[in-house]
Each structure stands twice: as C-alpha cells, then as structure tokens.
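This report is meant for a reader who meets the structure for the first time. It starts from a single residue and then widens step by step to the whole chain.

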Amino acid sequence: MRKIKPNELLNQYIRAESVKLILDDGEQVILSKDEALARAKDAGLDLFLVSSASDPPVAKILDYSRYRYEKEKKQKDAHKKSNNKSNILKELKLTPRIGLHDFEVRVKHGREFLSKGYKIKLTVFFKGREGTHPELGHAIIAQYLEKIADLGWTDSPTLRPSLLGRQMSIVIVPGRK
C-alpha cells in the first residue's frame, strides 16, 4: 500500500462530485469523479487532486509514486543548493606583529578553506598603541593576499580592508578574478 500524505487527495479519497480534469495536452474538461477515476484506471495511473480550492476542484491523471519521488528530489536539490559552502564564512585572525610561522599556518588554513569553496574573513586585531599604525595591518593583509592569490581574491570594491574600531577586516572569496 502506498503512503499518501494527509494534505494530498488521491483516487477514491477525492470527495467532490465533479472535477476539472487537466489532460496531457493541457486541455481542461469537467467530468464526474467516477468518469475521471475510470479514465485514470484505464491508463493504469492515479487521479490526483491538484487544487481543492477552485470550483470544481482541479485534478490530474498521473503516476503518484513518480510524482512524490520527483517532488522529494527537487526538495533535496533545493536544500543542497541552500547549504552551499560559498555562503559559509570562515574567519582567520591575525595581529600586526604576528610571527612568521603563525602567519604561514594562517596561510595554510586559508588555502585549505578556499580550495574547499569557503569564503574567508581575514581580521587583523590591533592591541594597545598598534591602532595608531593601520599601515601595518594593510601590509599584513597585502602579504596574505599575495600568498593566496592563486586560490582566492577579495570581493571588496575598493580592494581595501575596512577598519572598524580596533580591527581591520576583508573578505576573500574562492576562485580567480
């Protein structure tokens, strides 16, 4: 026995006396429920209620199992597209006085994220009096962008990082410009 969703009416469960039947060529005819069921049975398919809100209700002859399969497949595809990695933002944090090894580790992580399709938010934090020298932050970000130029680029229109309070940040997207 087939599982029928409660909001979807099929075959003998349709309560209306007459239905507007949509044929394969798009033509619409008004038939009694029994005539429409007979046509569906002759074709070896199901009579499916498309819209119960109209008068008379609209029905279509189709293979219900295939209809449900295709509907679920479309929903899964839509879900996959909405969970696209390009929407996920990974953040890497740096300071103006970062050590060489720490910088290389951040570059390695950034390259890994970009190769997997993630976006990166590169943030430089200024401590104490470092904030009076934003050019150091610009230099670190420029150096970082050089290292990952083959995997990503900045989508900022000015190609300049934004300075907000004690932090400077820029977003890097995967791919070549």
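Leaving aside residues up to four places away in sequence, Leu122 touches Leu92, Leu94, Ile141, Tyr144, Met168, Ser169, Ile170 and Ile172. The model in which these contacts are found is a predicted one. Leu122 itself belongs to strand S6, which covers residues 119-125, and its relative accessible area is 0%, so Leu122 counts as buried.

Leu94 is part of strand S5, and with a relative accessibility of 1% Leu94 is classed as buried. Beyond its neighbours up to four places away in sequence, Leu94 touches Arg106, Leu122, Thr123, Val124, Phe125, Ile140 and Tyr144. Ser169 sits in strand S9, made up of residues 167-174, and is buried as well, at a relative accessible area of 14%. When neighbours within four places in sequence are set aside, the contacts of Ser169 are Lys121, Leu122, Thr123, Pro161 and Ser162.

Strand S5, which spans residues 89-94, also holds Lys90. Lys90 has a relative accessibility of 28% and therefore counts as partly exposed. Not counting residues up to four places away in sequence, Lys90 touches Phe113, Tyr118, Lys119, Ile120 and Lys121. Lys90 lies over the face of Tyr118, at 4.9 Å from the ring centre. Another partly exposed residue is Glu112, with a relative accessible area of 33%, and its place is in helix H3, residues 100-115.

Which rings pair with one another is a further topic. The structure holds five aromatic pairs. One of them joins Phe113 and Tyr118 in an edge-to-face arrangement, with 6.3 Å from centre to centre and 90 degrees between the planes. Both Phe113 and Tyr118 are buried. Elsewhere in the chain, Phe48, Tyr64 and Tyr67 form one aromatic cluster.

The table below sets out pairs of residues by their separation along the chain and by the distance between their C-alpha atoms.

| Residue pair | Separation in sequence | C-alpha to C-alpha distance |
|---|---|---|
| Lys90 and Leu114 | 24 residues | 9.5 Å |
| Glu112 and Leu151 | 39 residues | 9.4 Å |
| Leu94 and Ala53 | 41 residues | 59 Å |

The pair of Leu94 and Ala53, with 59 Å between the C-alpha atoms, can be read together with the domain assignment, which gives domain 1 as residues 11-81 and domain 2 as residues 85-174. How far apart do the C-alpha centres of domain 1 and domain 2 lie? The distance between these two centres is 55 Å.

One local detail of the backbone concerns Asp55 and Pro56, which are joined by a cis peptide bond with omega at about 0 degrees. Pro56 is placed in the loop between strand S3, residues 46-51, and strand S4, residues 58-62.

Taken as a whole, the protein has four helices and nine strands, and when read along the sequence these follow the pattern β-β-α-β-β-α-β-α-β-α-β-β-β. The protein is more spread out than a compact globule, because its radius of gyration is 30 Å, well over the 16 Å that the globule rule gives for 177 residues. Along the principal axes, the C-alpha atoms fill a box of roughly 85 × 30 × 25 Å.

Some totals complete the description of the chain. Of its 177 residues, 31% count as buried, and the protein exposes about 11,900 Å², of which carbon and sulfur atoms supply 51%. Among the contacts between residues at least 6 apart in sequence, 59% join residues that are at least 24 apart.

Notes:
Residues are numbered from 1 along each chain as its sequence is written. This is a predicted model: local features need pLDDT of at least 70, side-chain atom pairs count only at pLDDT 80 or more; totals for chains, interfaces and linings use all residues. Side-chain values use heavy atoms; hydrogens and water are left out. Helices (H or I, at least four residues) and strands (E, at least two) are DSSP runs, numbered from the N terminus. Buried means under 20% relative accessible area, exposed over 50%, partly exposed in between (1.4 Å probe, protein chains only). Contact means heavy atoms within 4.5 Å. Domain bounds come from an automatic or database domain assignment. Rings of Phe, Tyr and Trp (its six-membered ring) pair if their centres lie within 6.5 Å; planes under 30 degrees apart count as stacked, over 60 as edge-to-face and the rest as tilted. A charge sits over a ring if NZ of Lys or CZ of Arg is within 6 Å of the ring centre and within 35 degrees of the ring normal. The radius of gyration is taken over C-alpha atoms; the globule rule is 2.2 Å times the number of residues to the power 0.38. Accessible areas come from the Shrake-Rupley method with a 1.4 Å probe; for residues, only the protein chains shown count as cover.
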